[in-house]
Amino acid sequence: MRIGLFGRRRERGSNLVEAAIVLPVLLLLLAGVADVGRAFRAYIVLTAAAREGARYGMYFPGQQALILQRVIDTAAASGVYLVPGQVTVTRSVIAGSQEAMRVTASHQIPLVLGSILGRETLTVSSFAEMPVLDPAR
């Protein structure tokens, strides 16, 4: 009977050791999933903001400042805060004489695993391009 009690005491200690080994690995996985999720969310928000800016630029291509502000406001409404230096608005010629507005937005995300990976931030960017409907504007 004493052997059974002695064996149970050893098991309690081994469970604690197993938990001490597995817990850091699980926490690292959880932090990695959080980083990937935040990056993916930022990408979706930047894509929507760039599309909104390109859509506005499609009708008002001469209003560069308003296009820029539209992108910044759209991203801010979803919780991603941009500054004018993170948004570029360009007008280019595509097929023949057709013009297009291209809006690019980028954002840096601080990583939870930054110190472990050796990279503190991750840059996420997206763009949208739409044809200009009236190039005379």
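**Strands, core and charges**

Modeller: Happy to. Keep in mind that this is a predicted model. Let's start with T104, which is found in strand β2.

Biologist: Is T104 buried or partly exposed?

Modeller: T104 has a relative accessible area of 24%, so it counts as partly exposed; the buried class needs under 20%.

Biologist: And what does T104 touch?

Modeller: Not counting residues up to four places away in sequence, T104 touches Q86, V87, T88, S126 and F127. The C-alpha atoms of T104 and V87 are separated by 5.6 Å, although the two are 17 residues apart along the chain.

Biologist: Which way do β1 and β2 pair?

Modeller: Strand β1, residues 87-93, pairs with β2 in the antiparallel sense, over seven bridges. Within that pairing, R91 stands opposite M101 in β2.

Biologist: How many residues are between β1 and β2?

Modeller: Five residues lie between them, and the two strands form a hairpin. In the turn, G96 has a positive phi of about 70°.

Biologist: Okay, new topic: the nonpolar core. Which residues touch the most other members?

Modeller: In the largest nonpolar core, which has 26 residues, those are V71, L82, V87 and V103. At least two residues of this core come from each of α1 (2-59), α2 (64-77), β1, β2 and β3 (121-131). Helix α1 gives the most, with nine residues.

Biologist: What does V71 touch?

Modeller: V71 touches A49, G53, L82, V87, V103 and A105, again not counting residues up to four places away in sequence.

Biologist: Now the aromatics. How many aromatic pairs are there?

Modeller: The count comes to one aromatic pair. The rings of Y56 and F60 have centres 5.1 Å apart and planes at 40°, so this pair is tilted. Y56 counts as buried, at 17% relative accessibility, while F60 is partly exposed, with a relative accessible area of 37%.

Biologist: What sits over the ring of F127?

Modeller: The charged end of R102 does, 3.8 Å from the ring centre. R102 itself is partly exposed, with a relative accessible area of 29%.

Biologist: Last topic, then. How many salt bridges are there?

Modeller: The count comes to five salt bridges. One of them joins E52 and R70, with the closest N and O atoms 3.0 Å apart. That pair links distant parts of the chain, since E52 is in helix α1 and R70 is in helix α2, 18 residues apart.

Biologist: And what salt bridge does E99 form?

Modeller: E99 forms a salt bridge with R91, where the closest N and O atoms are 2.6 Å apart. R91 is partly exposed, at 33% relative accessible area.

Biologist: Which side chain meets R102 in a salt bridge?

Modeller: That would be E129, at 3.7 Å from N to O. E129 lies in strand β3 and R102 in strand β2, so the pair ties together parts that are 27 residues apart in sequence. E129 is partly exposed, with a relative accessible area of 38%.

Biologist: Which residues do shared partners join into one network?

Modeller: Salt bridges that share partners join E52, R55 and R70 into one network.

Definitions and conventions: Residues numbered from 1 in each chain as written. Predicted model: local features only at pLDDT ≥ 70, side-chain atom pairs only at ≥ 80, totals over all residues. Heavy atoms only, no water. Pairing = 2+ DSSP bridges. Helix = DSSP H or I, 4+ residues; strand = E, 2+ residues; numbered from the N terminus. Core = buried A, V, L, I, M, F, W, Y, C linked by side-chain atoms within 4.5 Å. Buried < 20%, exposed > 50% of the residue type's maximum accessible area, 1.4 Å probe, protein only. Contact = heavy atoms within 4.5 Å. Phe/Tyr/Trp six-rings, centres within 6.5 Å; stacked < 30°, edge-to-face > 60°. Lys NZ or Arg CZ within 6 Å of the ring centre and 35° of its normal. Salt bridge = Lys/Arg side-chain N within 4 Å of Asp/Glu carboxyl O.
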